[in-house]
Amino acid sequence: GIESTCALTADGTAYCWGYDGYGQLGDGTPGNPTLAPAAVSGGLTFAQIDTEYYSTCAVATDGAAYCWGYNGGGQIGDGTMTQRLVPTAVSGGLTFTSVDVGTHYACGVTTGGEGYCWGNNAYGDLGDGTTTQRLVPTVVSGGLAFASIDAGRNYTTCGVTTGGEAYCWGRNEWGQVGDGSWDTSGTIQVLAPSAVLP
């Protein structure tokens, strides 16, 4: 993440260390830097974890998603914009295989291959066809089955389908969506998954 790191042990215990100004280490005590790995609170075991821009999300071994840290964009996914200092369940009762944190938003892939995103959506980075902020998981448009989704640091999101095809959406002022469109004014926003050109 930005100035912090998280990792999982072999038994699924989460540890984080580094800067903790927004509670992104998940140990319930934000403030001073943590200079060695500190266990994330709650006693949960995780299969996957990701941290970016002062927020952290993880998938528990039962498939439930949890997030913590900065929540100014609604990227915790619990229906609020309240900072969370310990793992907080993402709303909706979905079962995920992976989650990925971007700048003020997050995305995940469910066990059924559906893509969901939540949080800031100013550039269409949630891929739901709008620029409306979402405080809970919202399905990505297009009915695609994803193997993975990566939420970007600068509001561009990309995913790979189960068939190996790449799709991107969101901010596109430098052509980063990869569909052949480009506008340095920054006004181009791709609001739903668009196939990356071969």
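**Entry 1: His104.** I started with His104, which is buried because its relative accessible area is 15% (buried means under 20% relative accessible area, exposed over 50%, partly exposed in between, with a 1.4 Å probe and protein chains only). His104 sits in the loop between β8 (96-101) and β9. Strands here are DSSP runs of E with at least two residues, numbered from the N terminus. I then listed the contacts of His104 (heavy atoms within 4.5 Å). Leaving aside neighbours within four places in sequence, they are Tyr53, Tyr70, Gly73, Gln75, Gly119, Asn120 and Tyr155.

**Entry 2: ground rules and confidence.** This is a predicted model, where local features need pLDDT of at least 70, side-chain atom pairs count only at pLDDT 80 or more, and totals for chains, interfaces and linings use all residues. Residues are numbered from 1 along each chain as its sequence is written, and side-chain values use heavy atoms, with hydrogens and water left out.

I checked pLDDT next (the predictor's confidence in each residue, from 0 to 100). The protein averages 96, and 97% of the residues score at least 70. Among the elements, strand β3 (residues 31-39) has the lowest mean pLDDT, at 94. Strand β6 (residues 65-69) has the highest, at 99.

Entry 3: Tyr155 came up in the His104 list, so I followed Tyr155 because at 12% relative accessibility it counts as buried. Tyr155 lies in the loop between β12 and β13. Those two strands form a hairpin with 4 residues between them. Strand β12 (residues 146-151) and strand β13 (residues 156-161) pair in the antiparallel sense over 5 bridges (strands pair if DSSP finds at least two bridges between them).

Tyr155 has a positive phi of about 70 degrees, although it is not a glycine. I noted the background: most residues other than glycine have a negative phi. Tyr54 also has a positive phi of about 70 degrees and is not a glycine. Tyr54 is found in the loop between β4 (46-52) and β5 (55-60). With a relative accessible area of 15%, Tyr54 is buried.

**Entry 4: Ile149.** I went back to β12 for Ile149. Ile149 counts as buried, because its relative accessibility is 7%. Ile149 and Thr161 are 12 residues apart in sequence and 8.7 Å apart in space, C-alpha to C-alpha. Not counting residues up to four places away, Ile149 touches several residues, including Asp100, Cys107, Val109, Thr157 and Trp169.

**Entry 5: cores.** What is in the largest nonpolar core? I found 15 residues; those with the most contacts inside it are Tyr105, Cys107, Cys117, Val140, Phe146, Ile149 and Trp169. β9 (105-110), β12 and β14 (166-171) each supply at least two residues of this core. Apart from it lies another core, of 12 residues, among them Val59, Cys67, Val99 and Val101. A core here is a set of buried Ala, Val, Leu, Ile, Met, Phe, Trp, Tyr and Cys residues joined through side-chain atoms within 4.5 Å.

**Entry 6: salt bridges.** How many salt bridges does the structure hold? I counted 4 (a side-chain nitrogen of Lys or Arg within 4 Å of a carboxyl oxygen of Asp or Glu).

- Arg84 and Asp78 meet at 2.8 Å, N to O. Arg84 is partly exposed at 25% relative accessibility, whereas Asp78 is buried at 15%.
- Asp128 pairs with Arg134, the closest N and O atoms being 2.8 Å apart. Asp128 is buried at 12%, and Arg134 is partly exposed at 25%.
- Arg171 pairs with Glu173, with the closest N and O atoms 3.0 Å apart. Arg171 is buried at 17%, and Glu173 is buried at 8%.

**Entry 7: Thr88.** I ended on Thr88, in strand β7 (residues 84-89). Is Thr88 buried or exposed? Thr88 counts as buried, because its relative accessibility is 17%. The side chain of Thr88 reaches the backbone oxygen of Val86 at 3.0 Å. Leaving aside neighbours within four places in sequence, Thr88 is in contact with Ala65, Tyr66, Cys67, Ile76 and Asp78. Asp78 is also the salt-bridge partner of Arg84.

Terms used:
A polar contact is a pair of N or O atoms within 3.5 Å; within protein, one must be able to donate a hydrogen and the other to accept it, and residues adjacent in sequence count only if both atoms are side-chain atoms.
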